[in-house]
Amino acid sequence: MSHKSSKEIRKVNISSSLESEDISLETTIPTDDVSSSEEREGTVKITKQLIERKELLHNLQLLKIELSQKNLMIDNLKVEYLTKIEELEEKLNDAIHQKQLLSLRLDSQLALQQEDARKHQALMKQEMETILLRQKQLEETNHQLRERAGDIRRSLRDLELTDDCYEKLKSLPEDQLSIPEYVSIRFYEVVHSLRKELSDLQMKKDSLTEELSGYKSQLKSLTESYEDERRNRSELEVRCQRLTLELADTKQMIQQGDYRQENYDKVKCERDVFEHELSELRRKYEILEVSHKAQAKERNDLSKELATIQQSLNLLQKDKDYLNRQNMELNVRCAHEEDRLERLQIQLEDAKKAREEMYEKYVSSRDQFNYEYEKRLHEELEQIRLKTNQEIEQLRSTSKEMYERENRNLREARDNAVAEKERAVIAEKDALRKYDQLLEQ
């Protein structure tokens, strides 16, 4: 309806301008000179110069009419393009508002996830405190038992194995292995797996930091190009305003006085130049608009990818800290065990001296006592080993459940983000389709 009404207004303006120009044609012809000459000289023939002058005046009036029509067409086109630009700016503001809403929603989800992570951390701390208390009790009982352990103390000093020794001991069955060899094998397996995981996490961290720096450089270059295009667009808008002012000045000059025949070519050339510049400005504006949309889309995609990479890097950093804490606890525990072994070694030396002194008196009862002692010690060590294995399995199961919960939460967050992205893409496609329909209209 607006397009039809603009056409009708244009027709009315053209018809009114034609009527006004017809009236001016009737009034501008110098008939007074002809009548006066007829009265003076009687029947004088119309000269060739008077006919040419009338024709030139008539042509000049026609050119004025055409120029006024072109000016009206230019004004109407300018109004239409201004309305289209306002509509596009409104759509851009709506898209920015939707982007802000999505960012606020994402921040709220991240805050909820952080609160859940804090709660899980508090629960894990409580469980670790109970485990540490239980461990202290077991260490006290273990200390009491190790005070009575004789020859085993010396053999448990060096627990680290080389790869060749580990392969040799691993090939043997467990029944043929001694307790120090069995403990050294288990210690080697745990420490080797932890070292391997630590190296893998370090490599992943380095690769992710490199990717993050690359994405930051890409984002910086895109922002610089966007600023350059925005400056170019502002310069073009300033130039368009200057041309509109010059066009208004030319209109005022046309209304104030008549152009002679010598200025006709100049006016025509200026009009052609203005039309050419207007077409160039339209083309440049369309190109800049398309490039601006593409770069805005690329910037949004890069910001989303950067957020996901930053989140995965934080998770890997948390895993690394957790493994470092476990490694430090194991080192502290190993140092305590070595101190206990040294103290037990000293007590063993004292017991050896006492045994040498009492050896002659208790030769007959020594074999039986040693057999019962070793049997009881073996049973107690088996009980301790079973308890420690059960506690280790419980710790593994709890840590596995914790990681599974965190993975589920992260998957749900990722699915929600992907769904939001798809909805935004669909909304953008609808806006582009409506924009194309408006352009076609």
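Tutor: In this predicted model, domain 1 (52-157) and domain 2 (163-325) each provide at least three residues to the lining of the second largest pocket. Described by helices, the lining receives at least two residues from each of α3 (48-146), α6 (179-256), α7 (264-358) and α8 (363-440). Of these contributions, the largest share belongs to α7, which supplies eleven residues.

The lining comprises 34 residues in total, and those nearest the centre of the pocket are Y81, I85, C240, L278 and R282. The space in this pocket amounts to about 1100 Å³. By class, 19 of the lining residues are nonpolar, 13 are charged and two are polar.

Helix α3, one of the contributors to that lining, also contains N71. This residue is buried, because its relative accessible area of 14% falls under the 20% limit. Leaving aside residues up to four places away in sequence, N71 is in contact with L247 and K251.

The model has three cavities of 30 Å³ or more. The second largest cavity holds about 50 Å³, and its lining is formed by L201, K205, L313, L316, Q317 and K320. Two or more of these residues come from each of α6 and α7, with α7 giving the most, four residues. Three of the residues lining this cavity are nonpolar, two are charged and one is polar.

Key
Residues are numbered from 1 along each chain as its sequence is written. This is a predicted model: local features need pLDDT of at least 70, side-chain atom pairs count only at pLDDT 80 or more; totals for chains, interfaces and linings use all residues. Side-chain values use heavy atoms; hydrogens and water are left out. On a 1 Å grid over the protein atoms alone, a cavity is a set of points where a 1.4 Å probe fits but cannot get out, and a pocket is an open set with protein on both sides within 12 Å along at least five of seven lines; lining residues have an atom within 4 Å of a point. Grid points are joined across faces, edges and corners, and a volume is the space filled by probe spheres set on the points. Ala, Val, Leu, Ile, Met, Phe, Trp, Tyr, Cys and Pro count as nonpolar, Asp, Glu, Lys and Arg as charged, and the others, Gly among them, as polar. Domain bounds come from an automatic or database domain assignment. Buried means under 20% relative accessible area, exposed over 50%, partly exposed in between (1.4 Å probe, protein chains only). Contact means heavy atoms within 4.5 Å.
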